[in-house]
Amino acid sequence: MERVKSASLKVKIAIMVAKESEDMEVIVPFDLWKRAGISVEKISVEKKNTITLQSGTKISCEETLEKTNLDRFTAILIPGGRGHETFLDEKLCKKLHDKLAKFVADEKKWVFAICAGPSVLSRLGVIQDQKMTVFPGFEKYLGNNFQDENVVCDKNIITAKSAFYSIDFALLVIEKLLNKQVALNVANAILYKK
C-alpha cells in the first residue's frame, strides 16, 4: 500500500477549466482521482480563479494558466461543455496549446479529453494517429482518428464520449497511471459496478 501511495503522489493532473466547462467532466474526475491519492489541480484559463461551470456550479481553481508551470504535471485534462471553444483561443490559451503538443509527443506524459474536448485536440493539430472518441456531432473534427466507443485509450491519450462516461473515464485513468487494483478500490468505495 505504501508503494501505491508513493506512486500516486508522483502523479499530478491539471484539469483545465474555462467558463461553462461541463460540470461533471471537471468534478467527477477531480473527485475520483483525489480518492486514488493523485495530486489534482484545477487550472483556470480565464484570468480569475473562480469559474462558473455550464450548469452554474461555481468552483475555485488553484491557479490560473498564466501563473502555472504545466511542465510539473503528468497529465492535462480538457473537459467539454460550452466552454470547450475557449480552449481554442490562441491569445488566451497559447501556453496551453504549446504544452498539449509537447505532452502528446512525450510518451511519459498524458493528455485526457471528454465530450467536445477531443475535438479541441484535433483542431489544434496536436494529434498524430491516435484513435479517440468524441461527443456525437463532433466526429468530423477527428476524421480517421474517430473511434465510436464510450472511452478510448490509445498510446498516451484517453478520451471519453460524454459526461455520462466520466466515471469510466476517470477509473481508466487511475488504472493506466497507477494500477488496476487502485481503480477497483475507488470503484468499490463508491459502489460502482460496470
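**Ground rules.** I number residues from 1 along each chain as its sequence is written, and I keep to heavy atoms for side-chain values, leaving out hydrogens and water. As the model is predicted, I ask for pLDDT of at least 70 for local features and count side-chain atom pairs only at pLDDT 80 or more, while totals for chains, interfaces and linings use all residues.

**Cysteines.** I searched the whole structure for disulfides, taking a disulfide as a pair of cysteine sulfur atoms within 2.5 Å, and the search came back with zero. Cysteine 93 is accordingly in no disulfide, and I find its nearest cysteine sulfur, that of cysteine 61, 12 Å away. For exposure I use relative accessible area with a 1.4 Å probe and protein chains only, where buried means under 20%, exposed means over 50%, and partly exposed lies in between. Cysteine 93 has a relative accessible area of 0% and is therefore buried.

Cysteine 153 counts as partly exposed, because its relative accessibility is 32%.

I then looked at cysteine 115 for its backbone, and noted a positive phi of about 65° although this residue is not a glycine. Helices in these notes are DSSP runs of H or I with at least four residues, strands are runs of E with at least two, and both are numbered from the N terminus. On that basis cysteine 115 belongs to the loop between strand E7 (110-114) and helix H4 (117-123), and its relative accessibility of 10% makes it count as buried.

I place leucine 191 in the segment after helix H7 (180-189), and with a relative accessible area of 71% leucine 191 is exposed.

**Helix H6 and its partners.** I fitted axes as lines to C-alpha atoms, for helices over the stretch in contact, and took angles from 0 to 180 degrees between N-to-C directions. Helix H2 (residues 23-35) packs against helix H6 (residues 166-177) at about 40°, and their axes are 9 Å apart. H2 is therefore oblique to H6, given that angles under 35 degrees count as roughly parallel, over 145 as roughly antiparallel, 65 to 115 as roughly perpendicular and the rest as oblique. Counting heavy atoms within 4.5 Å as contact, I list Met24, Glu25, Val28, Pro29, Leu32 and Trp33 on the H2 side, and Ser166, Ile167, Phe169, Ala170, Val173 and Ile174 on the H6 side. The residues of this contact divide into 10 nonpolar, one polar and one charged, where Ala, Val, Leu, Ile, Met, Phe, Trp, Tyr, Cys and Pro count as nonpolar, Asp, Glu, Lys and Arg as charged, and the others, Gly among them, as polar.

How do H6 and H7 run relative to each other, parallel or antiparallel? Their axes come within 7 Å and cross at roughly 150°, so the two helices are roughly antiparallel. In this pair Leu171, Ile174 and Glu175 of H6 meet Lys180, Val182, Ala183, Val186 and Ala187 of H7, and I tally six nonpolar, no polar and two charged residues.

**Single residues.** Valine 152 sits in strand E8 and counts as buried at 5% relative accessibility. Not counting residues up to four places away in sequence, valine 152 touches Lys131, Met132, Thr133, Gln147, Ile157, Ile158 and Thr159. Its C-alpha atom is separated by 9.3 Å from that of leucine 172, 20 residues apart along the chain.

I found aspartate 71 in the loop between strand E5 (63-64) and strand E6 (75-78), partly exposed with a relative accessible area of 41%. Which residues does aspartate 71 contact, leaving aside its neighbours within four places in sequence? The contacts of aspartate 71 are with Lys99 and Lys109. Lysine 12, 59 residues apart from aspartate 71 in sequence, is 10 Å from it in space, C-alpha to C-alpha.

Glycine 125 has its place in the loop between H4 and H5 and counts as exposed at 57% relative accessibility. I note 8.1 Å between the C-alpha atoms of glycine 125 and alanine 101, 24 residues apart along the chain.
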